[in-house]
Amino acid sequence: GINAEYMGDLSHLCIEEGKQVWKVHASVQCMSDDGNLFDAALLGLSAALANLRIPEHFSDPDSGKLYITKESKPLKMRHQLCPLSLGLLDDRLICDSTAEERDLLSTHITVVHTTQGELCSVYKPGGKTLPPKQFSKVFDLAKQRADYLKGLLSSVT
């Protein structure tokens with residue numbers, strides 16, 4: 001899994017230490033799934049969090065009431081995440097497989113890098129073992145995808 005702290009600085013959600021925090025909910029609604037839903041959802045979530053603004057606030061020490069101002073500040077992001085999901089079909093790596101191709105894959109793997117190139121997560125839910133040559137290629141392709149997505153994410157944040 002991916003820890004939320006990996007993406008954003010959760011201390012920026014603190015209103016009053018030990019008492020109150022902002023709570024962030026993110027929902028992804030899938031209208032159609034013809035493959036690679038996880039990558040699309042994670043990219044969308046990463047871009048949304050990078051554009052999230054937290055309301056400025058202050059507390060009245062006498063009444064203990066919290067007041068929200070019209071000003072806001074961006075959530076400080078530590079990393080934006082760049083996933084790449086691949087599958088193995090007849091000893092060939094398939095990137096961004098369709099739903100039809102996904103049913104034919106002998107194994108599946110998702111690698112997530114940060115926009116800084118740091119490996120964040122690897123998820124391989126069973127299936128056939130990847131040969132070492134293919135495993136190495138997966139990581140090379142994931143790094144290339146992260147470099148490409150870094151440019152795209154910077155244009156929407």
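Predicted model: local features only at pLDDT ≥ 70, side-chain atom pairs only at ≥ 80, totals over all residues.
Trainee: Where is helix α4, and what span should it have?

Mentor: Helix α4 covers residues 132-156, which is 25 residues.

Trainee: Which residues of α4 are buried?

Mentor: They are Q134, V138, A142, R145, A146, L149 and L153.

Trainee: And what do those buried residues pack against?

Mentor: Their partners are α2 (37-51), β5 (81-89), β6 (92-95) and β7 (107-114).

Trainee: Changing topic, how many disulfides are there?

Mentor: The count is 0 disulfides. A disulfide is a covalent bond between the sulfur atoms of two cysteines.

Trainee: Are C30 and C82 buried or exposed?

Mentor: C30 is partly exposed, because its relative accessibility is 38%. C82, in contrast, is buried, with a relative accessible area of 1%.

Trainee: How many salt bridges does the structure hold?

Mentor: There are 5 salt bridges. Side chains of opposite charge can pair when their charged atoms come close.

Trainee: Which residue does D91 pair with?

Mentor: D91 forms a salt bridge with K128, at 3.1 Å from N to O. D91 sits in the loop between β5 and β6, while K128 is in the loop between β8 (119-123) and α4, so this pair ties together parts that are 37 residues apart in sequence. K128 is partly exposed, at 39% relative accessibility.

Trainee: Which residues of helix α4 form a pair, and how many residues apart are they?

Mentor: D147 and K143 both belong to helix α4 and are 4 residues apart, about one turn of the helix. Their side chains meet in a salt bridge of 3.1 Å, N to O. D147 is partly exposed at 46% relative accessibility, and K143 is partly exposed as well, with a relative accessible area of 32%.

Trainee: And what does K19 pair with?

Mentor: K19 meets E16 in a salt bridge, with 3.7 Å from N to O. K19 is exposed, having a relative accessible area of 65%, whereas E16 is partly exposed at 33%.

Key. Residues numbered from 1 in each chain as written. Heavy atoms only, no water. Helix = DSSP H or I, 4+ residues; strand = E, 2+ residues; numbered from the N terminus. Expected span 1.5 Å × (residues − 1). Buried < 20%, exposed > 50% of the residue type's maximum accessible area, 1.4 Å probe, protein only. Contact = heavy atoms within 4.5 Å. Disulfide = S-S within 2.5 Å. Salt bridge = Lys/Arg side-chain N within 4 Å of Asp/Glu carboxyl O.
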